[in-house]
There are 2 protein chains.
Amino acid sequence: MEDASPPCTATDDVDQTGGLHLIVELRNGVGLDDPARIERAFRQAVEAAEATLLHIHLHRFSPQGVTGVALLAESHITVHTWPEHAYGAFDVFMCGAADPWAVVEVLKTAFASDEVEVRALRRGGVLI
Amino acid sequence: MEDASPPCTATDDVDQTGGLHLIVELRNGVGLDDPARIERAFRQAVEAAEATLLHIHLHRFSPQGVTGVALLAESHITVHTWPEHAYGAFDVFMCGAADPWAVVEVLKTAFASDEVEVRALRRGGVLI
């Protein structure tokens with residue numbers, strides 16, 4: 001599958017590699033066993049971040065747990081949930097002008113969590 | 001889609017949430033614009049880690065760049081490449097008994113890189 005240029009290349013500037021990667025630990029959440037709810041949250045998050053969705057896939061385990069990904073032109077959002085502990089491990093990695101912090105706000109609301117910790121990592125660029 | 005229990009749940013022990021997440025910055029690599037090569041590396045990496053592949057998807061941009069994911073029963077491997085800078089941003093997140101460090105060795109060989117930096121993050125559990 002091929003398409004137009006990704007939003008963060010086509011430049012000689014090595015600073016345009018990589019992006020901002022948010023490691024999101026969401027606790028005390030609800031709805032983390034519902035792939036339809038997670039997919040809706042992902043689609044809303046992509047829109048809020050002004051990113052471009054390439055591919056989405058969710059997988060539900062039995063008796064519980066969901067794992068999934070939204071691949072973006074700007075990188076990705078992933079999720080792995082342990083509903084029995086009301087915990088979800090999310091990643092939000094975006095390059096270019098997309099806003100990964102907007103995703104965090106959508107996730108807080110979508111899963112009604114008041115306990116979200118975020119570690120922000122720089123990927124690529126000249127710093128690493 | 002549903003299937004059997006994920007390998008890292010079905011327990012009351014909150015320490016069994018999350019896992020080990022390796023943030024891999026691969027520089028000076030070759031073959032990072034070739035989705036078939038990346039898919040082969042991912043499949044080899046999953047086997048080396050003794051993980052279980054659920055879903056794989058690669059996307060190639062024009063004029064260059066590949067983005068992709070291997071969703072695992074144990075979490076995920078992702079990649080986003082900037083072949084024009086010989087750089088790939090990989091993530092290797094695995095719970096349970098799977099060995100994410102084995103993936104790093106496969107990636108070094110697959111992309112002939114002598115410049116791989118890894119940050120190791122604990123996800124979930126009682127520590128965060």
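Which residues of H2(B) are buried? In this predicted model, where local features need pLDDT of at least 70 and side-chain atom pairs count only at pLDDT 80 or more, the buried residues of H2(B) are Pro100(B), Ala102(B), Val103(B), Val104(B), Val106(B), Leu107(B) and Ala110(B), buried being under 20% relative accessible area with a 1.4 Å probe and protein chains only. Residues are numbered from 1 along each chain as its sequence is written, and side-chain values use heavy atoms, with hydrogens and water left out.

**Surroundings and ends of H2(B)**
- The buried residues of H2(B) pack against strand S2 (19–27), H1, strand S5 (75–82), strand S6 (87–94) and strand S7 (115–123) of chain B, where contact means heavy atoms within 4.5 Å.
- At the start of H2(B), the backbone nitrogen of Trp101(B) has a side-chain oxygen of Asp99(B) within 3.1 Å, while just after H2(B) a positive phi of about 50 degrees is found at Ala112(B).

**Helix pair in chain B**
- Helix H1 (residues 35–49) and helix H2 (residues 100–110) of chain B pack at an angle of about 150 degrees, with axes 8 Å apart, and are therefore roughly antiparallel, a term for angles over 145 degrees.
- Arg37(B), Ala41(B), Gln44(B), Ala45(B), Ala48(B) and Ala49(B) of H1(B) meet Ala102(B), Val103(B), Val106(B) and Ala110(B) of H2(B).

**Helix pair in chain A**
- Helix H1 (residues 35–48) and helix H2 (residues 100–110) of chain A pack at an angle of about 150 degrees, their axes lying 8 Å apart.
- In this contact, Arg37(A), Ala41(A), Gln44(A), Ala45(A) and Ala48(A) of H1(A) face Ala102(A), Val103(A), Val106(A) and Ala110(A) of H2(A).

Key:
Chains lettered and ligands numbered in written order. Axes fitted to C-alpha atoms, helices over the stretch in contact; angles between N-to-C directions. Helix = DSSP H or I, 4+ residues; strand = E, 2+ residues; numbered from the N terminus. Parallel < 35°, antiparallel > 145°, perpendicular 65-115°, else oblique. Buried < 20%, exposed > 50% of the residue type's maximum accessible area, 1.4 Å probe, protein only. Polar contact = N/O pair within 3.5 Å; in protein donor to acceptor, adjacent residues only side chain to side chain.
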